[in-house]
Amino acid sequence: GFYGKFGGAYIPEMLHPNIEELKDNYEQIIATEEFQDQFRSLLKDYVGRPTPLYFASRLSEKYAAKIYLKREDLCHTGAHKVNNTIGQIILAKKLGKKRIIAETGAGQHGVATATVCALMGMDCTVYMGELDIQRQRPNVERMKILGATVVPATSGSKTLKDATNEAMRQWINNPVDTHYIIGSVVGPHPYPEMVARFQSVISEEIKSQLLEKEGRENPDLVIACVGGGSNAAGAFYHYYNTPEVRLIAAEAAGLGVSSGKSAATTALGTMGILHGSKTLLMQTDDGQVVEPHSISAGLDYPGIGPVHAHLFDSGRGEFVAVEDEDAMKAGIELSRLEGIIPAIESAHAFHALNMISFKKDDVIVINLSGRGDKDLDTYIKWGGY
Ligand SMILES: Cc1ncc(COP(=O)(O)O)c(/C=N/[C@H](C(=O)O)[C@@H](O)C(C)C)c1O
């Protein structure tokens with residue numbers, strides 16, 4: 001359960017039984033034909049996979065490269081999060097769980113969880129920071145329409161970190177009949193590995209689609225935004241051990257890495273424990289979590305998944321930090337170049353193109369993690385269009 005020196009399961013003793021049960025069972029359950037058949041058929045007929053690998057010709061012209069967009073924004077629910085919740089809900093049923101709990105920040109993971117709970121007829125409670133409830137109202141209402149209960153997290157910065165703390169507290173109190181669907185490659189082992197495996201369908205498809213379109217499985221660069229890091233983990237998964245494929249991770253610089261209002265964990269973080277995992281996180285000298293900032297709720301997270309901490313530490317990944325203003329402008333630029341309004345999180349990945357060097361005609365895949373519908377209020381308030 002380690003990625004280099006990062007990962008592990010540093011959890012309160014009371015949570016041990018849940019984590020042990022998951023660790024002992026998940027691999028053998030997902031290896032069964034029954035699980036795979038159900039997982040693959042729901043991804044195909046319910047989520048709408050494979051998602052297109054779209055050649056963005058106007059973008060390619062402007063940036064003098066061959067740019068493909070992996071359209072996770074076209075997944076059912078509007079983002080990649082559902083790839084993971086489909087996997088975890090099938091697993092939860094196999095483990096005989098009755099109730100599902102989850103945390104969410106941007107609300108996409110919350111919607112993806114509420115969606116699969118409705119699909120499987122399971123009770124669903126989503127914990128969400130009070131601040132996030134205000135800035136992602138459309139997703140809050142969608143969760144309620146789907147039958148989930150949304151519980152505001154009122155402690156701390158009232159964002160994802162606090163929602164995760166609340167969800168973990170609930171899970172400790174209801175260990176036997178409840179499964180906690182974590183929305184990113186964070187948390188105690190086996191979660192980071194399990195979520196990455198469910199999301200790895202993204203790079204599995206990129207390989208075969210690129211082979212068909214470019215006669216090669218490997219792009220020169222893969223670019224993805226990183227909040228906890230699940231869409232990036234999925235897009236990078238089958239390329240980790242292919243050094244000729246550059247892995248570019250776009251974090252949220254917020255108002256600037258040195259502004260004190262940022263979520264650029266690899267730039268500002270140090271090693272510590274967050275939500276049960278040893279990773280990099282933004283913390284004070286005495287280990288208190290520093291409140292992050294990003295205009296996008298999905299990247300507004302003070303930590304990062306251990307796999308990305310390792311990619312950073314080992315130099316295998318290239319990390320850039322994209323500021324709020326640049327991300328918003330990138331969202332508008334993509335809308336006007338390709339007719340796609342991206343989630344603001346995904347706009348961070350798109351802006352990374354301006355921050356890295358690449359050769360003419362390099363084949364570049366940008367993971368478009370979500371669509372911009374959930375962010376209309378933010379785009380409207382920003383007004384720069
Ligand atoms: C459209 C979209 N793109 C990217 C992200 C960042 O999450 P990762 O892919 O796990 O880094 C997100 C994150 N959404 C989470 C959520 O909806 O709860 C988020 O707030 C946290 C899990 C970080 C997202 O919604």
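Strand 9 and strand 10 (residues 246-254) run parallel, joined by 5 bridges. Strands here are DSSP runs of E, at least two residues, and helices are runs of H or I, at least four residues, numbered from the N terminus. Two strands pair if DSSP finds at least two bridges between them.

A word on the model. It is predicted, so local features need pLDDT of at least 70, side-chain atom pairs count only at pLDDT 80 or more, and totals for chains, interfaces and linings use all residues. Residues are numbered from 1 along each chain as its sequence is written, and side-chain values use heavy atoms, with hydrogens and water left out.

Back to strand 9. I223 has I248 of strand 10 as its bridge partner. Strand 9 also pairs with strand 14 (residues 363-368), again parallel, over 3 bridges. There, V222 stands opposite V365.

Which way do the residues of strand 9 point? L221, I223 and C225 point one way, V222 and A224 the other, and all are buried. Buried means under 20% relative accessible area, exposed over 50%, partly exposed in between (1.4 Å probe, protein chains only). In a regular strand the side chains alternate between the two faces of the sheet.

Now E345, in helix 15 (residues 344-351). Buried or exposed? E345 is buried, at 6% relative accessible area. Its contacts (heavy atoms within 4.5 Å) include C225, S296 and D375. The E345 side chain makes a polar contact with the K374 side chain, at 2.8 Å. A polar contact is a pair of N or O atoms within 3.5 Å; within protein, one must be able to donate a hydrogen and the other to accept it, and residues adjacent in sequence count only if both atoms are side-chain atoms.

Key:
Lists of a residue's contacts leave out its neighbours within four places in sequence.
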